[in-house]
Amino acid sequence: MTHPNSENPIEGVPSDAGVQASLELNEQERPLAQADERVAEREPDLLEQVKELATRGEMSAAQVTVRALIAREPANARARAVLAGLLEKKGDVEGALSELSKALEGAPDDVSVLCARATLLASRARYDQAELDLRKAARINPRSPDVQVQLGILFSKRARWREAIEPLLAAVASDPSHGDAHYYLGEAYNHIDELPLALASYESASALQPSSMRALKGIGIVLDRMGRPVEAAAAYRRARETPRR
């Protein structure tokens, strides 16, 4: 007698052939998923490889590698930021700016990319555009000392000394060990004639960065302005004896 299921399968219950076909289909799908996972895992390694090539001075190979990644993944903001860094080192600032702008199209809230573009914009004296990027970065991550310091430096470059103080104080509050924040705060206070505050900021910067000639020079300038020439001379001497950074 023929088994009932061999010719008249019950609805909803797969036949042996159906089960086999399903298993084969699953086996076909699995490698694709694993391949996607491997690509995702390889991307950070690939970018590290690009950075290693650049460190060794193999800039052409680094660019070829990262451009290949971007060709596969045009919206990869990290890869575009890495390429921008390579282009900047090559002296192609406009090319670097273009890559950072493309990166921000896909990742508009990436603080590191916003700061990188602001730095390049400022180097081209495009201060208004740089300020827009930094203010946006500060809104996204107001506790980032690096963002606040960069904003303070931008204001300093434009001689907006009083405006520079607020972001620099915010940077010091977020990270008291941030030497650059203390140094630029000293610069800002010195330019608005808040000499005791300037001296304290320069001294903090010097304590955090003992090899910083500029902080020692700032101490000497403020001490001179405060009518303390002997102490100023000692600070200048220490600055001269400190290797240039």
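Biologist: Which helix is Q150 found in?

Modeller: Bear in mind that this is a predicted model. Q150 sits in helix 8, which covers residues 145–157.

Biologist: Why is Q150 called buried?

Modeller: Its relative accessibility is 18%, and buried means under 20%, so Q150 counts as buried.

Biologist: What does the side chain of Q150 reach, and what makes that a polar contact?

Modeller: The side chain of Q150 reaches the backbone oxygen of C115 at 2.9 Å. The cut-off for a pair of N or O atoms is within 3.5 Å, so 2.9 Å passes. Leaving out residues up to four places away in sequence, Q150 touches C115, A118, T119 and L134.

Biologist: How do you know that the span of helix 8 is close to the expected one?

Modeller: Helix 8 has 13 residues and reaches 18 Å from its first C-alpha to its last, against 18 Å expected at 1.5 Å a residue.

Biologist: What makes helix 8 mostly covered?

Modeller: The count does: 10 of its 13 residues are buried. Among them are V147, L151, L154 and F155.

Biologist: Which helices do those buried residues pack against?

Modeller: They pack against helix 6 (111–123), helix 7 (127–140), helix 9 (161–174) and helix 10 (179–191).

Biologist: And which residues touch the most other members of the largest nonpolar core?

Modeller: V66 and I219, out of 65 residues in that core. Helix 6 gives the most to this core, with 8 residues.

Technical notes: Residues numbered from 1 in each chain as written. Predicted model: local features only at pLDDT ≥ 70, side-chain atom pairs only at ≥ 80, totals over all residues. Heavy atoms only, no water. Helix = DSSP H or I, 4+ residues; strand = E, 2+ residues; numbered from the N terminus. Buried < 20%, exposed > 50% of the residue type's maximum accessible area, 1.4 Å probe, protein only. Polar contact = N/O pair within 3.5 Å; in protein donor to acceptor, adjacent residues only side chain to side chain. Contact = heavy atoms within 4.5 Å. Expected span 1.5 Å × (residues − 1). Core = buried A, V, L, I, M, F, W, Y, C linked by side-chain atoms within 4.5 Å.
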